[in-house]
Amino acid sequence: MASSIRVRATSSGDRTEVQALIQHPMDSGFVKDASGAVIPSHYIQVVDFEHGGKIVFTAFWGPAVSKDPYLKFTFQGGKKGDEMMVSWVDNKGQKDTTVAKIG
Amino acid sequence: MEDNSSLTGSLCRRSLLKAAAGAGVVVFASGAALLPAVADAGGDQSKWPKDAFDAKDEAAVIGALFGKSATPSDKVKLEAPEIAENGAVVPITVSSDLPKVTRISVLVLENPYTLAAAYLIPDGTGASVSSRLKLAKTTKVVALVEAEGGLFSAGKDVKVTVGGCGG
Amino acid sequence: MTRKFLAALVVLVITGRGVCAAERVDPAADLKAYQSSVQREFPNVKLKDFANGPYTMDEGMRRQWEEIMQFPPYDFAIEEGKELFATPFANGKTYGDCFPNRGIGIRQNYPYFDTKRGEVVTLELAINECRQANGEKALPWQVGKIASISAYMASTSRGKPIDIRIPDDPRALAAYNTGREYYYTRRGQLNFSCASCHTQNPGKRLRGDVLAPALGILASFPIYRSEWGSMGTVDRRFISCNTLVRAEGLPPQDIVYRDLEYFLTYMNNGVEVSGPATRP
């Protein structure tokens with residue numbers, strides 16, 4: 001099974017643009033299922049992006065972030081072929097990590 | 001918000017993450033995407049600002065996150081649609097050319113919990129973030145940018161309607 | 001004024017028949033009349049752009065779509081579909097053994113009229129029949145794995161113009177006609193037909209949504225709808241549209257739904273496949 005995290009990172013000059021798409025239900029805890037029972041909240045709380053041993057971006061998320069969440073940001077540094085590590089943890093303590101190459 | 005009772009020592013995890021990255025070791029949890037990784041990798045949950053995410057209005061979020069009041073600024077750019085095509089997935093971008101931006105937050109005033117997302121911007125990272133948010137209904141969206149000199153904001157109204165094609 | 005008149009004329013020509021069962025069904029003429037009326041209504045839209053439905057009709061929606069398309073949420077479904085498609089069945093055969101060209105780049109030919117069995121076969125029906133022919137259980141319709149496989153197969157056809165054939169066979173013409181009738185028949189508490197929205201009011205709002213014209217509407221299936229938070233096939237959409245107008249729907253892959261898909265996809269001939277896609 002593949003990781004839940006997809007990354008598209010591209011360098012141009014001295015800047016690297018990072019886009020990430022993560023497969024996650026991001027249940028808010030406000031939605032009921034067909035039987036009327038509340039679907040408990042289940043959402044990513046922290047996402048960390050690392051490059052060269054340094055955290056270059058951190059996201060703190062709540063249940064208002066959309067399902068299959070997306071992020072885009074840019075940082076200085078990084079070049080084609082470098083590796084980036086992306087990790088998340090959700091409110092149930094579940095986690096995932098992936099390593100992506102900058103293109 | 002729920003506490004995470006399976007949280008192991010955050011200090012332990014953070015050190016392991018740093019050591020792993022520093023040593024060039026790949027801590028890779030493939031094959032068991034949603035189960036705790038064998039090597040203790042993952043975002044650091046202990047730094048998640050619980051009080052801010054529990055807040056139910058703008059003032060409470062600002063108090064929990066920043067402890068100072070926000071000044072509207074045209075150097076904070078908030079891009080959001082006028083009419084959301086669907087309140088469940090609204091693309092929003094916050095950017096700023098204020099100097100030394102350290103944090104960006106996005107608030108959705110009519111949501112049950114006001115704070116949607118908060119971002120840490122280390123040195124060398126651009127003051128711009130795009131994401132997709134849930135808007136429960138027609139609302140003002142507020143972007144807060146912490147930069148040198150204080151806390152700055154911009155707001156935009158986004159209409160969220162009942163779709164005709166839903167279901 | 002002219003547009004309404006033309007639309008009404010097309011509807012009148014198509015539905016204003018007597019009880020005579022031997023009426024000449026002329027799909028090619030219908031197609032020409034329909035597509036030229038829509039192109040006249042939207043002169044600035046290229047044929048292939050009709051596949052983007054509401055995003056071609058409204059600037060605000062288009063910008064949100066472009067944002068989302070930077071990294072579309074259906075990527076996970078395509079990946080899952082690709083893996084499922086490549087995984088052999090217990091008996092060692094694969095989906096490729098059931099389809100022309102091993103199942104790659106064929107989406108534009110579906111649905112087709114199977115002259116041997118005398119009925120319309122949709123892509124999803126063919127996927128499940130492939131499974132059953134090889135000793136596997138059929139997948140549930142509308143969502144999940146079948147939508148992922150359909151998404152993968154559609155992605156291999158991107159850019160190919162839809163090419164639905166209607167053989168010169170009275171059964172095929174009858175299937176086309178059944179689909180056409182269904183499309184133009186009002187139903188449900190709201191008393192809407194498919195045409196009420198997709199032929200008579202494309203580009204206009206239905207509450208918060210912008211309506212897509214029927215032209216191009218199936219070219220981008222299956223779709224990841226924000227409303228669903230997941231993929232859905234054509235029958236998922238037919239069923240939910242019927243729910244919305246408070247009409248009694250039909251079960252997935254019902255023969256009438258297949259005939260409807262046959263008629264509607266034929267009306268999209270020439271529009272390039274752009275599935276899977278995102279929608280509100």
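Guide: A definition to begin: two residues are in contact if their C-beta atoms, placed from the backbone, lie within 7 Å. This is a predicted model, where local features need pLDDT of at least 70, side-chain atom pairs count only at pLDDT 80 or more, and totals for chains, interfaces and linings use all residues. Residues are numbered from 1 along each chain as its sequence is written, with chains lettered from A and ligands numbered from 1 in the order in which they are written.

Visitor: How many residues of chain A are in contact with chain C?
Guide: On chain A, 10 residues, which touch seven residues of chain C. β1 (5-12), β2 (15-22) and β5 (70-76) of chain A each supply at least two residues of that side. Helices (H or I, at least four residues) and strands (E, at least two) are DSSP runs, numbered from the N terminus.

Visitor: And how do the residues on that side of chain A divide by class?
Guide: Five are charged, three nonpolar and two polar. Ala, Val, Leu, Ile, Met, Phe, Trp, Tyr, Cys and Pro count as nonpolar, Asp, Glu, Lys and Arg as charged, and the others, Gly among them, as polar.

Visitor: Over to chain C. At what angle do α8 and α11 pack?
Guide: About 90°, with the axes of α8 (170-184) and α11 (255-267) of chain C 7 Å apart. Axes are lines fitted to C-alpha atoms, for helices over the stretch in contact, and angles run from 0 to 180 degrees between N-to-C directions. The two helices are therefore roughly perpendicular (65 to 115 degrees).

Visitor: Which residues make the contact?
Guide: Among them are C:Tyr176, C:Tyr182 and C:Tyr183 of α8(C), and C:Leu260, C:Phe263 and C:Tyr266 of α11(C). By class, the contact has 10 nonpolar, two polar and two charged residues.

Visitor: Where are the cis peptide bonds in chain C?
Guide: One joins C:Tyr110 and C:Pro111, with omega about 0°. C:Pro111 is in the loop between α5 (75-86) and β1 (112-114) of chain C. Another joins C:Gly275 and C:Pro276, with omega about -10°. C:Pro276 lies in the loop between α11 and β7 (277-279) of chain C.

Visitor: Back to A:Met26. What is its phi?
Guide: Positive, about 45°, although A:Met26 is not a glycine. A:Met26 sits in the loop between β2 and β3 (44-51) of chain A.

Visitor: Buried or exposed?
Guide: A:Met26 is buried, with 23 other C-beta atoms within 10 Å. Buried takes 20 or more such atoms, exposed 12 or fewer, and partly exposed is in between; C-beta atoms are placed from the backbone.

Visitor: What does chain B have?
Guide: Three helices and eight strands. Buried residues make up 43% of its 167 residues.

Technical notes:
Angles under 35 degrees count as roughly parallel, over 145 as roughly antiparallel, 65 to 115 as roughly perpendicular and the rest as oblique.
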